[in-house]
Amino acid sequence: MHGRDASPPPSPADRRLTAIARHLEGSSAVDMDSIAASPTSASARNSVFDHVVRAPEDPILGVTVAYNKDASPVKLNLGVGAYRTEEGKPLVLNVVRRAEQMLVNNSSRVKEYLPIVGLADFNKLSAKLILGADSPAVQENRVTTVQCLSGTGSLRVGAEFLARHYHQRTIYIPQPTWGNHLKIFGLAGLSVKTYRYFCPSTRGLNFQGLLEDLGSAPSGAIVLLHACAHNPTGVDPTPQQWEQIRQLMRSKALLPFFDSAYQGFASGNLDIDAQPIRMFVADGGECFVAQSYAKNMGLYGERVGALSIVCRSADVASRVESQLKLVIRPMYSNPPIHGASIVAMILKDRNMFQEWTIELKAMADRIISMRQKLFDALRSRGTPGDWSHIIKQIGMFTFTGLNSEQVAFMTKEYHIYMTSDGRISMAGLSSRTVPHLADAIHAAVTRLA
Ligand code: PGU
């Protein structure tokens, strides 16, 4: 076997993945032959990786990298969707601290590997949290839930499963959407298309465009839906619009894949924010849900999430789970134990659950109060334009309508960091920093109209 290339020739799918990977790295195709043939002496040939092109920073996480390099005392990071207190500090929930303390104090706890699908209690409780405690699908064992690496990992495992086992390889994602969706689904081997979602002139939902695009999607196509608090627009369909979307999708056998990264952050209520998903599950059809505990439990770096696949029978669900294990095992073998243990403890204990919902509501309320403060501050400055979308939009973000030039100006002159599409993480604002942001927006829109 030595010296022999054991890998089979690349398939068309492999070649497509390589092309996507190259594109994402920001490099064009590299001519390997010309590199190998060039008459370079051993000493001048510095590295076998000399041809590697520097990739651009991530459009969202790269904002924090730039922010960290800025020495200004007034700098403000409104890029990443991560909650901050009124003092501008990251928050660890009291209930999370309490759960961690209990875990540490329990000397019978060990650090053995979890099963491939993760912590059983966590999975069961996560399914109930998103689908409802009395969900018939859960009671009939028609749901398979696997613990994954936060929302991103849950989306990726679901995407890989679909690429292997689903007959339709096209997924429709909203335009715009969280930037990572395109990469997650594309690299899993699915063909990614978009459906109209946002109307820039009304700064609201383009419902007609959405219905038209989903209406002309091929039968069976997968549709990525934000369960609530759409990122980056902060615009969600109304319950009546959700019902119309459901009817249209079911009539065309479109497969719903919900991304639930903000349960509890939109309305402050976990059940209300899960309603769109529950509508789809209630009709008995299939449904995918990726859940993240990054925001609603503040467990960002613990990477805790779950993928649930709702099936039509318990038998199908158990076969689907057996295949999910084959997806997960060669990726990361099994998920981490600590964060999932915290979540399971909080979801299981009545008092802790109650404490969590109160802390969650307080986070959601603080964000809502920032919306009003920013809106008032712009109005009192007489800033040109209609800023009512700041108070109408929902969840962690405001999609301001500021263009990339105005954003660059605010970063340069005011040390305010945000994504270039004009998205502001409202959770990063405080009463103290609102005037600074309002000054910056005012200057940007009056100077760079
Ligand atoms: N889905 C959506 C809609 C999201 O906004 C995010 C996070 C995720 C999934 C993934 O979250 P996990 O941390 O993997 O659970 N978006 C944030 C956080 C930064 C990022 O881009 O990952 C954001 O600022 O958009």
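Before counting elements, I noted that helices (H or I, at least four residues) and strands (E, at least two) are DSSP runs, numbered from the N terminus. The model is predicted, so to speak a computed one: local features need pLDDT of at least 70, side-chain atom pairs count only at pLDDT 80 or more, and totals for chains, interfaces and linings use all residues. Residues are numbered from 1 along each chain as its sequence is written, and side-chain values use heavy atoms, with hydrogens and water left out.

**Entry 1: around the ligand**

Which residues are closest to the ligand? I found 19 residues around the ligand, and the closest are Ser150, Thr152, Asp259, Tyr262 and Ser292. A residue counts as near if one of its heavy atoms lies within 4 Å. I then sorted the shell into eight nonpolar, seven polar and four charged residues. In this sorting, Asp, Glu, Lys and Arg are charged, Ala, Val, Leu, Ile, Met, Phe, Trp, Tyr, Cys and Pro are nonpolar, and the others, Gly among them, are polar.

Helix 7 (residues 150-165) gives the largest share of the shell, three residues. The ligand lies between domain 1 (61-91 + 365-447) and domain 2 (113-348), because both give residues to the shell; the domain bounds come from an automatic or database assignment.

**Entry 2: polar contacts**

For these I looked for pairs of N or O atoms within 3.5 Å.

- A nitrogen atom of the ligand is 2.6 Å from a side-chain N or O atom of aspartate 259.
- An oxygen atom of the ligand lies 2.7 Å from a backbone N or O atom of glycine 81.
- Lysine 295 has a side-chain N or O atom 3.4 Å from a nitrogen atom of the ligand.

The protein covers 92% of the 530 Å² of accessible area that the ligand has on its own (Shrake-Rupley method, 1.4 Å probe).

**Entry 3: backbone spots**

I found a cis peptide bond from glutamine 175 to proline 176, with omega near 0°. Proline 176 sits in the loop between strand 3 (170-175) and helix 8 (180-187).

The bond from asparagine 231 to proline 232 is cis too, with omega near 15°. Proline 232 is in the loop between strand 7 (222-226) and helix 10 (239-251).

Serine 150 lies in helix 7, and its phi is near 60°, a positive value in a residue other than glycine.

How values were computed. Polar contact = N/O pair within 3.5 Å; in protein donor to acceptor, adjacent residues only side chain to side chain.
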